[in-house]
Amino acid sequence: YYFTGELDGTYGNGMPEELKLTDEAASTALLGRGKDMFGVHCAICHGDSGDGKGVVSHYFGKAGVIVVGLHTFQQGSHPDGYIYNVISNGKGNMGGYKHNLPVRDRWAIVAYLRTLQAAAK
């Protein structure tokens, strides 16, 4: 699950055990790292809040390309493992980040994205 986002051929929900999120300090540190990595790698297209209104989306929109807002990617319809896979391998116009981001950082982005979604409600 840690490396693929999949459990027995389907995408899973929740953070992998390998992240060792055993206390609040570890979870807070992971979210902080996720915020930093989201800001560096994701916000330029998806916006600081994940609403799909980043700087690049303004220019892509003129070319007819839509940058997805991430608030609709809820755990029920898009499990954590699915989000991890998209970050790793890309989808549509988005390239993958598996060669740019370590596994732990990709999971940190997933965790941070979930906090953005919760804040948007």
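## Loop residues with positive phi

Lys-20 lies in the loop that connects S2 with helix H1 (24-41). In this predicted model, the phi of Lys-20 is positive, near 55°, although the residue is not glycine. Lys-20 counts as exposed because its relative accessibility is 60%, and the cut-off for that class is over 50%.

Asp-8 is another non-glycine residue with a positive phi, about 50°. Asp-8 sits in the loop between strand S1 (6-7) and strand S2 (10-11). With a relative accessible area of 84%, Asp-8 is exposed.

## Ser-88 in helix H4

Ser-88 belongs to helix H4, which covers residues 80-89. The relative accessible area of Ser-88 is 4%, so the residue is buried; the limit for buried is under 20%.

The side chain of Ser-88 has two polar partners listed here. One is the backbone oxygen of Tyr-84, reached at 2.9 Å. The other is the side chain of Arg-106, with a polar contact at 2.8 Å. When neighbours within four places in sequence are left aside, Ser-88 is in contact with Gly-96, Tyr-97, Lys-98 and Arg-106.

Val-55 is located in helix H3, residues 55-62. Val-55 is classed as exposed because its relative accessibility is 54%.

Conventions. Residues are numbered from 1 along each chain as its sequence is written. This is a predicted model: local features need pLDDT of at least 70, side-chain atom pairs count only at pLDDT 80 or more; totals for chains, interfaces and linings use all residues. Side-chain values use heavy atoms; hydrogens and water are left out. Helices (H or I, at least four residues) and strands (E, at least two) are DSSP runs, numbered from the N terminus. Buried means under 20% relative accessible area, exposed over 50%, partly exposed in between (1.4 Å probe, protein chains only). A polar contact is a pair of N or O atoms within 3.5 Å; within protein, one must be able to donate a hydrogen and the other to accept it, and residues adjacent in sequence count only if both atoms are side-chain atoms. Contact means heavy atoms within 4.5 Å.
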